[in-house]
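User: I would like to learn how to read a protein model. Could we go through it in short questions and answers?

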Amino acid sequence: MKETLYTIGEMAKLANVSIKALRYYDKIDLFKPAHVDSETNYRYYKDSQLSQLDLIKTLKYIGTPLEEVKKAQEMNPRDLLEFIADQEKLIQMKMENLMKVQQNIATMKERMERHLQTPSLGEVFLWEEEETTIIEMVAPNLKPNDLTNASYSMLKKAVEPISGFLNTGYGAIFSYETYMHIEDIVYSKIFAPVLNNQMLSTVPAGMKVATIDAGTYVCIADAYHPEKYIRNYHKLKEFIEANQLTVISDVYEIFGAVHYSSNNQEEFIIELKVRVS
């Protein structure tokens with residue numbers, strides 16, 4: 001019985017693939033036509049080739065590189081089963097990584113929403129904070145004027161493998177004391193918030209995992225300027241003293257960029273906060 005031959009267009013419709021894909025598969029010797037007319041160069045395919053194409057489509061659908069698909073075509077059933085089982089494991093790993101990314105995005109959204117709810121800039125407010133995991137390192141004699149110090153780049157390099165490409169700013173820690181001038185403030189540590197706690201075993205030497213405790217915080221946020229900074233710190237301290245609050249933490253400073261376009265002048269929002277009871 002003579003087997004039916006299909007043109008490339010007919011085969012594309014039967015197998016639900018594009019003509020462009022069939023031509024490319026032919027070019028890379030992945031899926032070749034059963035017959036090529038020597039005069040017209042038209043490609044023709046047989047019914048029996050559909051099963052070959054099904055394997056290609058299935059493996060391509062799950063993200064298998066075409067070079068690996070080529071290898072799979074030559075496997076016996078037992079080896080092919082093992083190959084597909086390995087592909088299943090790879091898919092599981094991808095799904096787990098995507099879940100981590102989803103969790104990171106959800107955490108970042110929460111933190112961005114939190115910052116958008118901040119009252120007027122330069123005004124003191126109380127806020128109930130959840131516990132935040134951070135990676136911290138000793139500050140090498142840094143002060144508030146050192147926002148772009150290279151040490152923050154070291155933190156960024158450490159945090160990226162844990163939280164991915166997402167970043168919610170950086171921070172610094174200094175003791176709650178009376179400061180007359182911004183130059184008097186010296187950080188004890190700098191830190192970066194962590195979005196995902198599942199890979200914290202990879203923290204580099206010289207850095208460690210810590211937490212900013214949950215609780216009630218007195219906060220103030222404003223665009224960064226040296227004069228504003230010390231003035232806002234004084235407002236924070238006056239609020240605490242006027243309301244007879246007890247300070248039970250160091251001061252946490254968190255800063256992030258206002259703009260992400262290179263066309264805008266660099267501007268940072270600084271938030272100072274201290275836990276009270």
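User: Which residue in S3 is the bridge partner of Thr 7?

Analyst: Keep in mind that this is a predicted model. Thr 7 belongs to strand S1, residues 5-7. S1 runs antiparallel to S3, and three bridges join the two. In S3, Thr 7 has as its bridge partner Tyr 44.

User: And which residue in S3 is the bridge partner of His 35?

Analyst: His 35 sits in strand S2, residues 35-36. S2 is joined to S3 by two bridges, and these strands run antiparallel. The bridge partner of His 35 in S3 is Tyr 44.

User: In what order do the three strands form the open sheet?

Analyst: S1 is joined to S3 by three bridges. S2 is joined to S3 by two bridges. S1 and S2 each pair on one side only, which makes them the edge strands. The order in the open sheet is S1-S3-S2.

User: Which residue in the turn of the S2 and S3 hairpin has a positive phi?

Analyst: S2 and S3 form a hairpin, with six residues between them. In the turn, a positive phi of about 65 degrees belongs to Asn 41.

User: At what angle does helix H1 run to S1?

Analyst: H1 covers residues 8-15. This helix lies across both S1 and S3. Its angle to S1 is about 95 degrees.

User: Is Lys 273 buried or exposed?

Analyst: Lys 273 lies in strand S11, residues 268-276. Its relative accessible area is 5%. Buried means under 20%. So Lys 273 counts as buried.

User: Which side chain does Lys 273 join in a polar contact of 3.1 Å?

Analyst: Beyond its neighbours within four places in sequence, Lys 273 is in contact with several residues, including Tyr 217, Asp 250, Tyr 252 and Glu 129. The polar contact of 3.1 Å runs from the side chain of Lys 273 to that of Glu 129.

User: How much space lies in the largest cavity?

Analyst: The count is two cavities of 30 Å³ or more. Among the residues that line the largest one are Tyr 224, His 225, Asn 232 and Leu 272. Its space is about 70 Å³.

User: Which strand gives the most to the lining of that largest cavity?

Analyst: S9 (215-223), helix H7 (226-242) and S11 each supply at least two residues of the lining. Ile 220 and Ala 221 are among the lining residues. With four residues, the strand that gives the most is S9.

Methods
Residues are numbered from 1 along each chain as its sequence is written. This is a predicted model: local features need pLDDT of at least 70, side-chain atom pairs count only at pLDDT 80 or more; totals for chains, interfaces and linings use all residues. Side-chain values use heavy atoms; hydrogens and water are left out. Two strands pair if DSSP finds at least two bridges between them. Contact means heavy atoms within 4.5 Å. Axes are lines fitted to C-alpha atoms, for helices over the stretch in contact, and angles run from 0 to 180 degrees between N-to-C directions. Buried means under 20% relative accessible area, exposed over 50%, partly exposed in between (1.4 Å probe, protein chains only). A polar contact is a pair of N or O atoms within 3.5 Å; within protein, one must be able to donate a hydrogen and the other to accept it, and residues adjacent in sequence count only if both atoms are side-chain atoms. On a 1 Å grid over the protein atoms alone, a cavity is a set of points where a 1.4 Å probe fits but cannot get out, and a pocket is an open set with protein on both sides within 12 Å along at least five of seven lines; lining residues have an atom within 4 Å of a point. Grid points are joined across faces, edges and corners, and a volume is the space filled by probe spheres set on the points.
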